[in-house]
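Load the model in your viewer and show it as a cartoon. We will go from one selection to the next.

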Amino acid sequence: MKRIFTVIFAALFSLPLMAQDETILDRGDVVPDFTIEMLDGSTVRMSDLRGKVVALNFWATWCPYCVRELDHLKRDNVLARYEGEDFVFIAVDRGEESETVKAFVDRKGYDFAIGMDRSEDIFGIFAEKGIPRTYVIGRDGVVTGYVLGYTEELLEELVSKIDETLKTN
């Protein structure tokens, strides 16, 4: 009886986690062209990034796991390992105003590229729910993988996906 209760509890507990992973673009899918407005006012088109490996990290200032992930990237200087590589990392804020994001980024001292997705149209290309979520996109514009959520283990998985894509794509 205890075993049945454990199985039922585990199944019910996993339902919200599965619902969070409502992915639209998955490994092997071509990323359509779109333009990201950057926090500094410039714009970046995905088609202009062809030939580079791209990591798009979807986040928000109100998301504690997102903030932990970005803090970890900054604290451990994770992105420095890709200097000199054909690699671009853009942290795309989901659904907030530029003033809110700018104040937050300035306070945190983030020095990586910050994109804005106020309307969440860009996020809607990739998924329906669930942040932090980071997509790794190959030089050919095809998704090579993504990571949903943040733990140190998931960050290691993301770094492995980036490393693998840089070597094989």
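Select Gly-109: this glycine follows helix H3 and has a positive phi, near 75°. Helices (H or I, at least four residues) and strands (E, at least two) are DSSP runs, numbered from the N terminus. This is a predicted model: local features need pLDDT of at least 70, side-chain atom pairs count only at pLDDT 80 or more, and totals for chains, interfaces and linings use all residues. Residues are numbered from 1 along each chain as its sequence is written, and side-chain values use heavy atoms, with hydrogens and water left out.

Step back to H3, residues 98-108. Color Ser-98, Val-101, Phe-104 and Val-105: these are its buried residues (under 20% relative accessible area; exposed is over 50%, partly exposed in between, 1.4 Å probe, protein chains only). Look down the axis of H3: the buried residues fall within an arc of 135°, so they line one face. The arc is that of the directions from the helix axis to the C-beta atoms. On the other side, Glu-99, Asp-106 and Arg-107 are exposed.

What covers the buried face? The cover includes S3, H2, S4 and strand S5 (113-117), with contact meaning heavy atoms within 4.5 Å.

Now select S3 (53-59) and S4 (87-94): they pair in the parallel sense over 7 bridges (pairing takes at least two DSSP bridges). Ala-55 stands opposite Phe-89 in S4.

Finally, show the open sheet: 7 strands, mixed pairing, order S2-S1-S5-S4-S3-S6-S7.
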